[in-house]
Amino acid sequence: MTTDSDLQSTAPTEPVPITSRAESVSSPGLGPGLHSAAGGSLLLEQPPRPSVPRPKRLPSPIRPSDIGGPDVVVLVAAALSSFCLVWVVFYQLTLLSGIFGFLVCWYALFLTLVWVGTAQLVERQAATDRVVAVVVVTAAALIVGIVVFIVVWVAAKALPTMHWGALFTKDQKNFQVAQTDALAHVGILHAIVGSLEQVLLATVLGVPLAVATAIFLNEVGGRGVRLVRTVVTAMSGTPSVVAGIFIYSMLILTHVLPYSGFAASLALIVILLPSVTRVVEEVLRIVPSGLREASLALGAPQWRTVWSVVLPTARSGVVTAVLLGVARIVGETAPLLFTAFGSQVLNANPFVHDQGALPLVIWSDVRQAQPVLIDLAFQAAFVLMSIVLVLFVAARIFGRTKGKKGKATARRPADDVLPRMFVPVPMEGDPGR
Amino acid sequence: MSSIVDVPRVDPAGRFPEPLRLVDDHGLGDKIFRRGVRLAGLFSLLILFFIGLFLFLQGFPALRRAGIHFFTSSGFQTLGAHPVYGVAASVVGTLEVAAVAMVVGTPVAVATAIFLSEYAPTWSRRSLIALVDLAAAIPSIIFGLWAVFEMQPNVVGFATWLSKHVAFVPFFRVNSPPLNASLFMAGLIVGIMIVPIVASICREVFSLAPPGEREAALALGATRWQMIRSVVIPFGRGGIVGAVMLGLGRALEETIAVSIVLGASFRISPYILQHGGSTISQLIAVNFGSGGKLGLQDLLFCGFVLFVMTLAINLAASRIVNRSRSGAGIEL
Amino acid sequence: MSLALGRRTGASRRAMPETSRAGEIEAQGVCAWFSGRLVLELVDLDMQRSKVTALIGPSGCGKSTFLRILNRMHEVVPGAQLAGSVKLDGLDIYGPGQRAVDTRRHIGMVFQKPNPFPAMTIADNVLSGLRFSRMSPANRDDLVEEMLSKAGLWNEVKDRLGELGGALSGGQQQRLCIARALAVRPRVLLMDEPCSALDPTSTLRIERTIKEIAHEVTVVIVTHNMQQAQRVSDHCAFFLAEENLPGRVVESGTTTQIFGDPVDARTADYVHGHFG
């Protein structure tokens, strides 16, 4: 918007006045004013112009809120009264039992009272709106609470009995049932080495394949794209147990491979491949086509363009995909049951003999009767959980958009990538569009 | 004076000039590159094909041997001269676990998605979304551990109550305690596991609901829930259906958590609250290694059945979700 | 009819008032912020009963923001804050205990881009506002006909009321939105550049509608089109945001005065087309 330069020379007049209000805004007192613009200067960069009168004082900003005092009172009152009522009833009627039932009854009564209270105080639509708000908040809190609880719970069960030294240096070879301080003599080294090797092999073999497939789908295209996309979606929905018995039936039953860590890697590739392909394809799609065109216009062949321009631009997305893919396969148990088979002793050679892995140790030890083994299983679970958490957090850090353009960059943040790794979310461009 | 644009003239024979046919002459490097990545793409095709092929081939003898009894009878013998094997009990168990999981998980997931897309304050949204997604990342074996050691003891009381008071529904009847390691418990943990899946798809679809219509509803005096009900949910209907189907697919195939809860049980138990019960994937997982060759073929064919089932559901769901994403049918 | 915008106790379905009484809005000291940045500074404006008030001015000077403050739509945007008072018939809509939902039932809005509900029929679109407030009209069909006639759409759609709202042309959709907004019998109707996306025929039809409804609904219209402001409005307010400054009302008065004999030189420059 342009203004004439000589506009500033005339003194502007006041607008047609109502009674000018000296006092500041009537504030319901709701919502914190984040930022008070009271005081003299409002100007951001421009120096003050002498001819424009500045207001003496601006009122503080408010943000009106839906939830006022009376609403909070209704919520608290409903919560307390329903709690008391259910408590009384629960102890009278001994047919109900357990904390779960108590909570369910309390919650149901709480919702009813909130509805009735708000309907009386305001109106029915507001009551329904309030109850829905409570329900959705509860649902989200429930799932988030369970997740946090599980993570903390695993740690709480594992850490008290942890023998850090033994855990990482011993395997289960020396386990004797009646040993005192048995946990000092056993560890999960075999599981850690096994998982490491299997996941590493799967990643080293699977990621280039996945990236190549993604390049095919997004950069090269041509015949077969729709088919391959369908196939990749189909594969991403394949149960992990099927991946395991597939490798078993194709390679182990036929004696091409023994039970081994390598066979497990192949099964893990079946799971890793579609997830990483889908994510990398999306990441590649986001790379601006102008970059490709610029490179081609300079005379670079396509492979050079992809290698030197497209992939480096997509690097953070690809890294995120790899990190999350690893997080996904390190926790898979079912494919390993049929391929690596599990072992009590350290086997550092992934190409021959049964090999252990973290999930397998948990699987076999937790069903034993000895509490020592159960403790060991929890410790292995703790290690596994920590690995997944670290990878998850690393992926989020990596996936964060590089801050140059602020929030509105083209790269997708990690929270869009995440569901696609663990869930067979359909790709854009899948059949059906 | 304005200039007149030259109109291309048709030659006396009545033909327009031929458009140039452009041929992209790839160099050798590019030829190798393009062929290479195409091969990579076809590799995935191969894998999928082989999965179906090998499972079917190796498992088919079991079907041939048992005939229709494979699907209709129950019972599994790992030893014996003429073992008859039927997966009926496991099929029913799979369906029951999936049913419980859907009943428990779908409402929580849709409500969570509504919360994340409509109610969560902006500053917290990313973190909350991450926490819900973390639920998808937790390995299923850890869910299994938690279910057995923590969830089950606390829910057994509720299961007891259900068995006493809702026993008129045949499902919930119980012949004898204990009530743990039941299909109900398995369904409960699977229900929790599918919440992040269903929630993340629903959340994405809800966030695509057109802001113009949202504003229109609010400006007419709708409460937030009325706005969601009249604009967001109708818009996201297809996505919800697709998400539920994907959740169902997941619930049908969940192996490890179910196996840890149910244990190595082959008991036929249509009563979901009662101890015992089996699902197809659990059958495969716990049976492996204990059966002779016969048992193996049965298991492989089960795997084939599982594979085909989840394939069908996932492809159908994918079609529905994508159609909803593009807003097909909602034209403005 | 009750003026109270406050709480209703236990009311379920309410009968609709048969007519609405045009309301008057007094805005005093209105300021607006987006994420801490001041965009509107101390706006005082009186929008008189049964009159059409036009808010004019170049793009980006806060007219739409001000309009949205009048029906409490401004607070829907995350990070938005405001200050000042807006009184509808003497009652401050931002006062303690006042609900946004109530305000919006009395102050309706038509948006720049037509936004009928595409999955509802035309008739249901018109009645949708009533469903939200759980008001039931004495006769549904009569109400639909009355509203669509007022909006100038009845003759074109009377035979196809069962068609979906999304199936109409742009101009028809906007008129449907006007009918929908009028159906709840608001006291004030806010219009945010309602014709900017439409063809000239639809524009003229809508302008005719505005003039026809003004006696029973006060209209406040934001427009870029000065000729439209002259045709349609009784009063005008000229908004301006100079470089890096928040928007303010420079001058307001009757339309004849603003366009014929503006006091401020900036107003004169704008209405004579020297900028904007």
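In what order do the four strands of the open sheet in chain C stand? The order is S3-S2-S5-S6, with antiparallel pairing; strands here are DSSP E runs of at least two residues, helices are H or I runs of at least four, and both are numbered from the N terminus. Two strands count as paired if DSSP finds at least two bridges between them.

Before going on, I note that this is a predicted model, in which local features need pLDDT of at least 70 and side-chain atom pairs count only at pLDDT 80 or more, while totals for chains, interfaces and linings use all residues. Residues are numbered from 1 along each chain as its sequence is written, and chains are lettered from A in the order in which they are written.

Returning to the sheet, S5(C), residues 80-88, and S6(C) run antiparallel and are joined by two bridges. C:Lys87 stands opposite C:Asp92 in S6(C).

Now to the interfaces, where contact requires C-beta atoms, placed from the backbone, within 7 Å. Chain C brings 22 residues into contact with 17 residues of chain B. On that side of chain C, H3(C) gives the most, with four residues.

Between chains A and B, the contact takes 85 residues from chain A and 86 from chain B. Helix H3 of chain A, residues 124-158, gives the most to the chain A side, with 19 residues.

Finally, I turn to helix H11 of chain B, residues 280-287. Seven of its eight residues are buried, so H11(B) is largely enclosed by the rest of the structure; buried means 20 or more other C-beta atoms within 10 Å of the residue's own, with C-beta atoms placed from the backbone. Among them are B:Ile280, B:Gln282 and B:Val286.

Notes:
Contact = placed C-beta atoms within 7 Å. Buried ≥ 20, exposed ≤ 12 C-beta atoms within 10 Å, placed from the backbone.
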